[in-house]
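Subject: Structure handover

Hello,

Here is the structure I said I would pass on. My notes follow below.

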Amino acid sequence: MSKRDPRYDRLFDKVKIGPLTSKNRFFQVPHCNGMGYLRPKSLAAMRGIKAEGGWAVVCTEEVYIHSSSENDPLVEGRLWDDRDVNALELTTEEIHKHDSLAGIELQHGGHVSTNYFSRIPPFSASNISVGPRAPIQARAMNKSDIRNFRKWHRNAALRAMRAGFDLIYVYAAHSGTLLTDFLLRRFNDRSDEYGGCLENRIRLIREVIEDTKDAIGHKCAIALRFAVEEFLGPKGITFNNEGKEMVEILSELPDIWDVNISDWSRDSATSRFEHEGYQEQYVKFVKSLTTKPVVGVGRFTSPDTMISMIRRGIIDFIGAARPSIADPFLPKKIDEGRIDEIRECIGCNICVVGDELSVPIRCTQNPTMGEEWRRGWHPEFIESKNREESVLVVGAGPAGLESALVLGKRGFRVILTESLDEVGGRVSRESSLPGLSEWGRVKDYRIHLLKQMREVSIFCDNRITAKDIIDFSDINQFNFAHVFFATGATWRRDGVGRKNRKLISGIEKIKIYTPDDIMDGISPNGKIVIFDDDHFYLGGIIAEKLRREDHEVLLVTPAPDISTFTHKTLEQRHIQKKLLDLGVELAPNMNLLNINSGSVELSCVFTNKNITSDFDSLILITERIQNDKLFKLLMTDKENLSKSGIKTLRCIGDCFAPGTIAAAIYSGHLTAREFNNVSKGEVPFLRERIEILK
């Protein structure tokens, strides 16, 4: 086993946190995951893998402390009463198996509590509407309510200690907690001792910290999570004003400070909008105001960046949510001198989508995320082959690369062919677009490991045919009996998609461009109309690219706003703002109805009222068609297929069903991991179910 580079030794210092001592400086900060109270076994296994991977502190997501606050249908944690303790014990037991500390983020949502499940009217520091679109109002808390909240929080802390947690959070970040309702002037218009000046507005935070320390401080460490910057100027907390003042006032009260920025879309900004370590400028003042350890985040993936943050005294702990998802074994790989094997986060936020949709978390880079319990998948270890077999993988995009990598790890002989002169497929193409360069890590990580595998042979610039597959299958050099097709998909040129299930009228009259053309370097002319019926990131990115090239751009979509699915990756507001700042004309709620020479007819999705817009070039982003012709051709050649000895023909990734890059990688991983294994039955994974006792 390789030895750690001594430059990184300080990352593995033990650090005192109140009555506790961490084994190193790697701290998995709280993050949501779509498992919560509904899937405790899945949650425990996922957190346990993080501890196994070397994270000294492994925290839960936000865990709601009382029935007066929940956010259904989102699936978060719950610690409402003693009956919730056993489920959370599953997580602490898994974390403690690897000598890591277990942290819990206690939460009361205040005015963001929808309480759709409990039907209890929510409350806040003041009378205020709930959320951006819920027809609910939170009532102002009276003194009795405040006393009750303090009691509930104290009881939750005691239950958390009984459940085995070592580090207990007082949560006052992200403008979505009861404590931030009191802290922030725009939510707090009280005239009593809990309102007005900053000292009054942080009174409840101070009281809750003191209550928690009094209850469990002899055994557990108390963390304060706090956003030092809201980017609202005088309307909110700023790092050089009230953010700094709050740290000064409370400096020695918590055992550890977890500092970040708000809101969540900024704290978990994608790589499209922020670089590694981007929060440093906002949090670097904190250590100068407290002797207590400080944890900060910034999508850290480089050990050089990490050690720089420690040496320069910016933070004491390397906080991470997304990097710990992409590679749960990141600390151990640094410790063992395997830095080149780190599966770096690409900052795409597909992990956030799981929480937004209330389903188990997934990751583009790490297809085992969320599958630790239900499929028994481990991110580093995989079942070896059960017989001598060779596999031909046609196509070296994300699905093909992942499939070849997993098959190679299992010990199978793999031939990976690619028609182009470089591997990567759609990853290589899309990572050339504005803001997506870090997505190239998907390719880089896999090709680096593949090149070290003697079992895997890679042939680029190889346009393999059906005859080639038949002829080569029994040649000694190849001798494969199984073929996986990872040949991707192509964007449609006919406009068929979600909104229009038939050809758009007039489409045959003009030249149509697609994202494939843009990524091939083909430049449309003049004024450009983009019709985006895909609703993810490509419409906005292509509009940005062409506008930066000084084109006049009109972006049309039947959706209510631009790149609407990116609400679930926390990007939509940033995307739409950027396009407006660049001068892109936006036309939401509009369908592309007809195409004429030099003009398009658009129709309102609500009123069917039509408008006409001139254009010189039209780009359609609607659906993709699988590139499965080679697969179908072989499937129809039964006679030669039988003679060749080929036993398996299978499409994977976009060739099987076009989707996200994460879905393509998952498809390649699933196929390769389960290759030659016994079927697991009608439902191929475990489910967590409530057992009905009779």
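A pocket here is an open set of points on a 1 Å grid over the protein atoms alone, where a 1.4 Å probe fits, with protein on both sides within 12 Å along at least five of seven lines; lining residues have an atom within 4 Å of a point. Grid points are joined across faces, edges and corners, and a volume is the space filled by probe spheres set on the points.

This is a predicted model: local features need pLDDT of at least 70, side-chain atom pairs count only at pLDDT 80 or more, and totals for chains, interfaces and linings use all residues. Residues are numbered from 1 along each chain as its sequence is written, and side-chain values use heavy atoms, with hydrogens and water left out.

The second largest pocket has a volume of about 970 Å³. It is lined by 37 residues, and those closest to its centre are S419, T487, G488, A489 and N627. The lining divides into 14 nonpolar, twelve polar and eleven charged residues (Ala, Val, Leu, Ile, Met, Phe, Trp, Tyr, Cys and Pro count as nonpolar, Asp, Glu, Lys and Arg as charged, the others, Gly among them, as polar).

A nonpolar core is a set of buried (under 20% relative accessible area, 1.4 Å probe, protein chains only) Ala, Val, Leu, Ile, Met, Phe, Trp, Tyr and Cys residues joined through side-chain atoms within 4.5 Å. The largest has 83 residues, and L11, I168 and L224 have the most contacts inside it. Apart from it lies another core of 34 residues, W491 and Y513 among them. L11 touches residues including F26, P303 and I334 (contact: heavy atoms within 4.5 Å).

Regards

Notes: Buried means under 20% relative accessible area, exposed over 50%, partly exposed in between (1.4 Å probe, protein chains only). Lists of a residue's contacts leave out its neighbours within four places in sequence.
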